[in-house]
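Hi,

Here is the structure I promised to pass on. My notes on it follow below; have a look at the model first, then read on.

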Amino acid sequence: MFDPDLFISWMAEQGTGSLRSLIRDASWASGHDRKPVTRWLSRIEALGAVTIDWRGEQWHTSPCEVTDLPGNTQTAVLTGARPAAPAFYRKRGAAAMPQRHEQSGIPLPAALWLQYTERSRLHAFAAAVSAAVAPCAAESAARSLSAFAPGPETAPPAQDIAAELLDPVSGRFRPVGLVGRRPIPGLYKYKQFGRMDRYALLREPPCQSTPGVHTRVSPPERTWHSVDRRAGIHHALRPSVLPLRWRADRPVPGQPRRNALGRLTADRKAPLPLAQERTAVLCTGLASLRTADTEHYDGVPFFIAERIAHTLHRRLETA
């Protein structure tokens with residue numbers, strides 16, 4: 001049976017390597033083919049254990065750290081690639097929580113938490129497991145989130161290939177012909193080398209005009225940009241389409257709304273980009289709960305949910 005914690009420990013020992021080899025090794029260890037293994041690795045990346053350069057086909061693990069969960073919970077989570085099995089950390093006072101069942105059939109590594117009453121206990125645990133103590137990583141990640149910026153300029157899709165354009169109202173990609181017509185601004189999906197999905201954003205800068213001055217100017221130059229699929233979707237969608245939703249947990253008397261914990265929900269047609277997803281995951285150390293249409297992130301403070309929505313230009317609906 002595949003042991004995800006053992007595999008993460010092996011990755012921590014390796015430190016870095018070829019993505020192609022990693023997929024091959026994970027496929028062999030788990031007994032699954034490339035597609036579910038690739039999805040599993042993207043989940044591991046969201047948990048913060050590894051950073052993957054999907055285009056460069058390289059990966060490297062993240063250092064093991066002990067960091068507080070948001071709010072005055074006196075609970076810390078162990079993040080990064082853990083070099084030892086959960087039993088090693090349990091013997092030193094941590095609690096292990098199995099992750100929820102994965103649709104891919106490949107289990108995720110357990111979440112490890114430490115409850116404490118004195119900060120000295122936190123530092124003693126970190127020293128015992130050779131991990132650094134970091135301030136609340138979720139709050140730090142939320143502060144570092146930035147608004148969308150298009151990637152480097154790229155060549156447009158070839159006119160003779162099948163392309164799809166994201167409908168900014170429905171959030172679905174629809175086939176579009178590029179031959180003999182001027183493409184409209186938006187997010188395009190197409191195949192590169194006949195097998196790899198690529199995403200390109202066609203941008204049209206706003207026209208600059210001076211009030212009271214009527215001069216004929218040429219239309220602004222359009223530019224094609226290489227983009228990440230998830231970030232490109234949020235940029236191309238209207239803010240009110242597929243909004244993020246946040247529902248408060250049980251209220252705590254006297255607690256300001258901005259610090260209240262709740263469940264953040266994203267539509268799977270507009271999933272959170274990696275930076276925003278990692279921020280939400282760091283609030284508990286748990287992977288998102290996936291359904292057929294949505295992804296749920298538990299334990300997210302309102303101010304972090306608000307920050308995520310703001311950086312994605314999405315409306316945040318609350319309940």
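At the start of α1, a side-chain oxygen of D3 comes to within 3.0 Å of the backbone nitrogen of D5. Before going on, the ground rules: this is a predicted model, where local features need pLDDT of at least 70, side-chain atom pairs count only at pLDDT 80 or more, and totals for chains, interfaces and linings use all residues. Residues are numbered from 1 along each chain as its sequence is written, and side-chain values use heavy atoms, with hydrogens and water left out.

Helices (H or I, at least four residues) and strands (E, at least two) are DSSP runs, numbered from the N terminus. Helix α1 covers residues 4–14, and its buried residues are P4, D5, F7, I8, S9 and M11 (buried means under 20% relative accessible area, 1.4 Å probe, protein chains only). These residues pack against α2 (19–30), α3 (34–46), β2 (50–53), β3 (58–61) and α4 (86–90). Just after α1, G15 has a positive phi of about 85 degrees.

Now the sheet. Five strands form an open sheet in the order β6-β7-β5-β4-β8, with mixed pairing (two strands pair if DSSP finds at least two bridges between them). β6 (95–97) and β8 (132–134) each have a single partner strand, so one side of each lacks a neighbour in the sheet. Within it, β5 (residues 75–79) and β7 (residues 111–115) run antiparallel and are joined by three bridges; T75 has Q115 as its bridge partner in β7.

Happy browsing!

Key. Buried < 20%, exposed > 50% of the residue type's maximum accessible area, 1.4 Å probe, protein only. Contact = heavy atoms within 4.5 Å. Polar contact = N/O pair within 3.5 Å; in protein donor to acceptor, adjacent residues only side chain to side chain.
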